[in-house]
Amino acid sequence: MTISQLQQKIIVKLNKLNLTNPQLEADILLSFILKRPREWVLAHPEFKLTRFQIYKIKNLVRQRIKGKSLALLMGEKEFYGLRFKVNKHVLVPRPETEMMIDEILQLITHNSQLITFIDVGTGSGCIVITLAKKLKSGKFIAVDISRKALNVAKENAKFHNLHNIKFLQGNLLEPISRDPQLISPNSNLIITANLPYLTPKQITISPTIQYEL
């Protein structure tokens, strides 16, 4: 089966989800399995796939139809131009959260004082890691109640070659309250928190969110 033939079959199945752009998702899945850029996939419609490649793509499509997001299927998500590993233990970074980064960067543009950043409910670590990548100075602390989520965040920090983030397990600001010395003296303090805020009803009607809980 060629890329073009399989692409058409995928689009027909994805149409059941009423997606905005099923062809784009089909291209992304093909690109992911073939380990080729989407441009290559589009330029080689006659390329013949192996049986194993076809099997893997069909398996991903079945999971997608059940409501699993593309990010979880591929195990990664781009945020603020950076790649982050994601899995069932963390929420997938949302584009709207990038506005939080914009606000912080604008807020501290002309601030020369030392700043301690505390990211509460860090999840994948996308907020604190992005800030640590963008800023040349500061103290960075990431807190999450989930050990498994912290492990994902640590992996992402390692991937981005960051070693200046302190990861703490605990509920909200409890780890900080137990050890106030974590906050540098005479430093400004910025706390970020993009915690799950959906109601039980919203979770019920959103299959993609259910896979992240």
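**Rings and charges**

I started with Arg36, which lies over the face of Trp40, 4.3 Å from the ring centre. For a charge over a ring I took NZ of Lys or CZ of Arg within 6 Å of the ring centre and within 35 degrees of the ring normal. I also found the charged end of Arg83 over the ring of Phe159, at 4.0 Å from its centre.

A note on the source: this is a predicted model, where local features need pLDDT of at least 70 and side-chain atom pairs count only at pLDDT 80 or more, while totals for chains, interfaces and linings use all residues. Residues are numbered from 1 along each chain as its sequence is written, and side-chain values use heavy atoms, with hydrogens and water left out.

**Ring pairs**

How many aromatic pairs does the structure hold? I get five. Rings of Phe, Tyr and Trp (its six-membered ring) pair if their centres lie within 6.5 Å; planes under 30 degrees apart are stacked, over 60 edge-to-face, and the rest tilted.

Trp40 and Phe47 have ring centres 5.1 Å apart and planes at 75°, so I logged the pair as edge-to-face. Trp40 is buried at 17% relative accessible area, whereas Phe47 is partly exposed at 30%. My cut-offs: buried is under 20% relative accessible area, exposed over 50%, partly exposed in between (1.4 Å probe, protein chains only).

Next I checked Phe79 and Phe84: centres 6.2 Å apart, planes at 75°, so this pair is edge-to-face. Phe79 is buried at 0%, and Phe84 is buried at 0%. I noted one aromatic cluster formed by Phe79, Tyr80 and Phe84.
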